[in-house]
Amino acid sequence: MKLRWRTGFVCVLAMTASACSWARFDEVAKDAPVEVIDKPDELGQGFGVGLATASLADKVRLFVGGNDVNSPGAIYELGTADTPNLEPIDVGSCDQDPQSNPCFLGFQVAGAARLTGPDGESHDLCFVLGIGSTPNTGDGVLVRCEDNTEYAMPAPPDANDDVIAPAIDLGDFDRLRITADRTPDPAILVGAPRGLHAWYYGPNSLNPVELRPGSLDPELTYGSAVGIALVGSTRVLAVSAPEAEQLWLFRSDDNDSAELLGCIGGTPGFGRAVAAGVVNADANDDLVVADARNVHVFDAARLLELEPPAFGVTECSLGSLPPGALIASFGCGTNIDTADCDNSDFGTSLAVGDLDGDGDGEVLVGAPNMTARTQTGAGAVLVYDVEGERLERANDVKFVASIGKDDRLGASITAPNLGERSIIAAGIPGDGKTALFYCGAVVPKEASARCQ
Amino acid sequence: MGIVSRQSERKRRVKDRHLRIRSILWLFALLVAGALAPATADAQQSTTQKLEAIRAQMEKGQAFYIAGQYEKAIQEFDTGYAQYKYSAFLFNAGVCATKLNNVDKALEKFRRYVQVDPGAPDIEKVKERIGKLEAAKAAAVPAPPVATDGGIEGGATGVEGGVVDAGPAKINITDQVDDMRSLVVIETDPTGAPLTLFRKTTASAPEFKVGAANAGWTRVTSVRAPANVTLAVGDYHVVVEKFRDFNVSSTEVRIEPGKVLHFKANLSQGAFMAFLRVSANTDGAHIYLDDDRKKRPEWGRTPYGELIPAGEHSLLVEKPGFQSLRRKVMVKHGDQTEIQVKLERVPYGIVRVISQVPKFSVSIDEEPVGVWNNGEPVFERQVDAGQHKIKITSSGRKTWKGLIDVPRGQVLPVRATLIPKQPRGGAWTFALLSAASIGTGVYLGITSDDLHKELKSDREAGVLDQNDSRVDKGRFLALGADGAFAIGGLFAVVSAINFIKDPLPESSAQYDELADFHDPLVDPPKEQPDPAGIRRPPHMRGAPPGPAAPGAMNHVKRGKLARKNRAPERQKKPKKPPRISIAPGVSNRGGGIVLGGTF
């Protein structure tokens, strides 16, 4: 008995002594699977509200936007390797003086590998920021590129009058929702929810195409979320009116026109977030739409088969979907580390990214109010993998280990493409940070040294 | 007056005669063996002791005489006379000188004899002897005289050729051992009684009868007691004449050569007496005569002799540390009986422990036998004789262990020097600090380990960020744990050193010389406290004589009984409030933080 006690004591001492090498903490923290971008000192509150990526060759830029005009964004170079530069390469995007050179940062910002400016030149690695004005191009949707080129894409006349002018002239701005497709020369889709406008720029085009729904309640919003899905050379443009539980779909087969495809919806909050990307096995994009409780994945190619609603019809439903259009629907799920799905704001943000590099993308859903590790409102990003036409279970839940209360991780999500695969970038506006998730359950360990 | 009256008168006469005979108490006081021969006579000596010394001196000279060592004999007799002016020494010295043909010295001694004891019974014979010696001397110097009468023969061997050779005087006296004189001391109680000594001159002479013609008996001398008479060898009869109201009494005495005899006539006692002397293998043993219950004071202590009534007596000899001895002894009138007893020691001894500390505990053979506190009697325990393990402990002192060999019937004094223990306060302080540090280290290490596991788990889950505050926290905890272990180890080493280090010597003990059991009759109680402030046990202070006296051992505590009898109530010391002090300390005993205080 005594011998066992002594042996145990010696073991405890040895174990404890061996466990208290501080070097192992350096090892465990070295090349951590999550990199966190801290808010630059120059920026104000809300850092991480909006995220966008622009990739070109080995350059992968991440735009992290702030809350409002007083919180402009910063651009970071992530690179295609796993060693991002956590210091911003550009701070002060859209930080012009509102009086002389106004810029009102959009809620959702778009990134593009290349954009053709008013000068007819193609500019690399541009971000479409929001409402702005430049001396040369006047008022419109402000674009800022790597070469510091800034210009404003003109808005449709009605939108200019309803959205751009009040902001420029009166400071009464509408936080635009802007997105771009995944092509190197992408089309741009802009939503102005307060102004009930949405418009579209075709690839290499500065000609805005007004996207008008069949009918719209003027008391509600339109353009709260926008998405562009590529089906072959056709683009399916999605503009949501979540208060009306509607998602209006348009198709564009060229740079200067778009026609109404139809309307889907019918569930509360339908369309509160929209994303597009390759989810299933085919090469076409799929459309990911969130409502108040669930996230739905639609086959964009099938959505092209939609027929426009009869004139005067204002209600949309999923009943008119073509067969096979709905690939999957899934709701919030929890694991040992997360809780409180009901209040998690599941679906606040969406993104599609090929995390595992297998060619099809995983659906990333932000739940910024989820309780993570007992921290209320810490937020989480839930990762869903859809293999073929079948939804796999929720494969992963992402959060920052050092998360805190009301950090609101997942208020914004994007999936920067590093070339072979994508990673998760999730804003943590509550803590003024942005997290880059390089590893996860769906990511093979050999994908990165960080995942070893 | 009829027949009856005559018979009664005859009975009365017989009875009177017996009473007269019984009224003479002749005491033989002689030959007390082993007496000292002091270099200087002590005026305070008792008569018995003095006579013993005289006797010893006389017998020593007599022994040399018998051995033919006349010179040494003369020396002894001269020494005796120098100390005790008894003429017998002078006569015997003269006889020895005669044996040596030393006429001058012989003459000197005999003339001195005549001078100092003119009333000696043999004074005429001594004078005659002087005459012979003078004649022999006269004949030896001018011409060798020839003396054929008187027993003196000249020293010349003859005359031849008209030449006369002068030589030493030839003394024609052939003294034998029986010619040596003895000293007879005669006393009476009451003193002053007239004495007459008669010598048996005819071997076939009938028994001496007082008042009869006593043919064959010659009156030697008449003196008054006390008297010292130098007598030649022979059979004498001493008659104590009628004195005051005491009747005549007498006794026969045989005088042997070179002896000192002591006679005492106790005229007032009506029993015959004998002399009994008791000695033992140990001096100082208490002798109780006819007093088995020891209701009277002891009769004497060995070696001891005294006149006692003739008859059978019971003898009890005992001494602390020895087993009592009882025996019957029969002594006869006029006998000199010597009893030599051998006392066996008791089968146990006493261990006496003395130490310089104010309190100590003693265990013997692993059994606690008692606690001694300052002010209590000396610690003593009775233990079976033989080898025993002993352990002496004292609070704050190093324990001493040893092996003792307890003697039978004796006290083994063990004087223990208990050395203070090396103070371990610093060691304990460091041990506690070490334990606290190691405990802290264990806690920090475990916490750090938990954090590391969490971080590792998060890393595997892909959610660990490089800015995770737990990394720094874990690193800090690990560093803290390592530091705590290091400090704890250091404290442990210091503690171990302080525990092991001990510059003080071990406790020790020495065995004092074995002592006899305390004898309360010899060492009476002392009421005054011991100067050293140590109260001695009753048996050390003495005890009243009587039945309990040999039981001095009863005072020795025995086992549990001893603990029950633990003594004297101690004065309660006023309680001091507890006081604790913690202070750094450096000394040759070690260094560190010392936790001390009084509680």
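The legends below describe close-up views of a predicted model.

**View 1. An open antiparallel sheet of four strands in chain A.** In chain A, strands S14, S15, S16 and S17 form an open sheet in the order S14-S15-S16-S17, and the pairing is antiparallel. Strand S14 (226–231) and strand S17 (259–265) of chain A stand at the edges of this sheet, and because each has a single partner strand, one side of each is left without a neighbour in the sheet. From one strand to the next, the twist averages 25 degrees.

**View 2. Strand S8 of chain A and its two hairpins.** Strand S8 (residues 138–144) of chain A has five buried residues out of seven, so it is largely enclosed by the rest of the structure. Strand S7 (residues 122–134) of chain A pairs with S8(A) in the antiparallel sense over seven bridges, and these two strands form a hairpin with three residues between them. Within this pairing, Gly140(A) in S8(A) is the bridge partner of Gly132(A). S8(A) also pairs in the antiparallel sense with strand S9 (residues 150–153) of chain A, here over four bridges, and Arg144(A) has Glu150(A) in S9(A) as its bridge partner. The hairpin formed by S8(A) and S9(A) has five residues between the strands, and Asn148(A), which lies in the turn, has a positive phi of about 65 degrees.

**View 3. The loop that holds Gly419 of chain A.** Gly419(A) is placed in the loop between strand S28 (413–414) and strand S29 (424–428) of chain A. With 13 other C-beta atoms within 10 Å, Gly419(A) is partly exposed, since a residue counts as exposed at 12 or fewer such atoms and as buried at 20 or more. Gly419(A) and Thr80(A) are 339 residues apart in sequence, yet in space they are 6.3 Å apart, C-alpha to C-alpha.

**View 4. The contact between chain A and chain B.** Chain A gives 27 residues to this contact and chain B gives 29 residues. On the side of chain A that touches chain B, the elements that give two or more residues are helix H1 (2–19), helix H2 (23–29), strand S1 (34–38) and strand S30 (433–437) of chain A. Sorted by class, that side of chain A has 20 nonpolar, four polar and three charged residues.

View 5. Chain B has ten helices and 26 strands, and 37% of its 599 residues count as buried. Among contacts in chain B between residues at least 6 apart in sequence, 63% join residues at least 24 apart. Helix H7 (residues 425–461) of chain B packs against helix H8 (residues 469–500) of chain B at an angle of about 155 degrees, and their axes are 7 Å apart. That angle makes H7(B) roughly antiparallel to H8(B), because angles over 145 degrees count as roughly antiparallel. The crossing in which H7(B) passes H8(B) is left-handed, and by class the contact of H7(B) with H8(B) has 19 nonpolar, 14 polar and three charged residues.

Key. Residues numbered from 1 in each chain as written. Chains lettered and ligands numbered in written order. Predicted model: local features only at pLDDT ≥ 70, side-chain atom pairs only at ≥ 80, totals over all residues. Pairing = 2+ DSSP bridges. Axes fitted to C-alpha atoms, helices over the stretch in contact; angles between N-to-C directions. Contact = placed C-beta atoms within 7 Å. Nonpolar A, V, L, I, M, F, W, Y, C, P; charged D, E, K, R; others polar. Parallel < 35°, antiparallel > 145°, perpendicular 65-115°, else oblique. Left-handed = near helix turned anticlockwise from the far one by under 90°.
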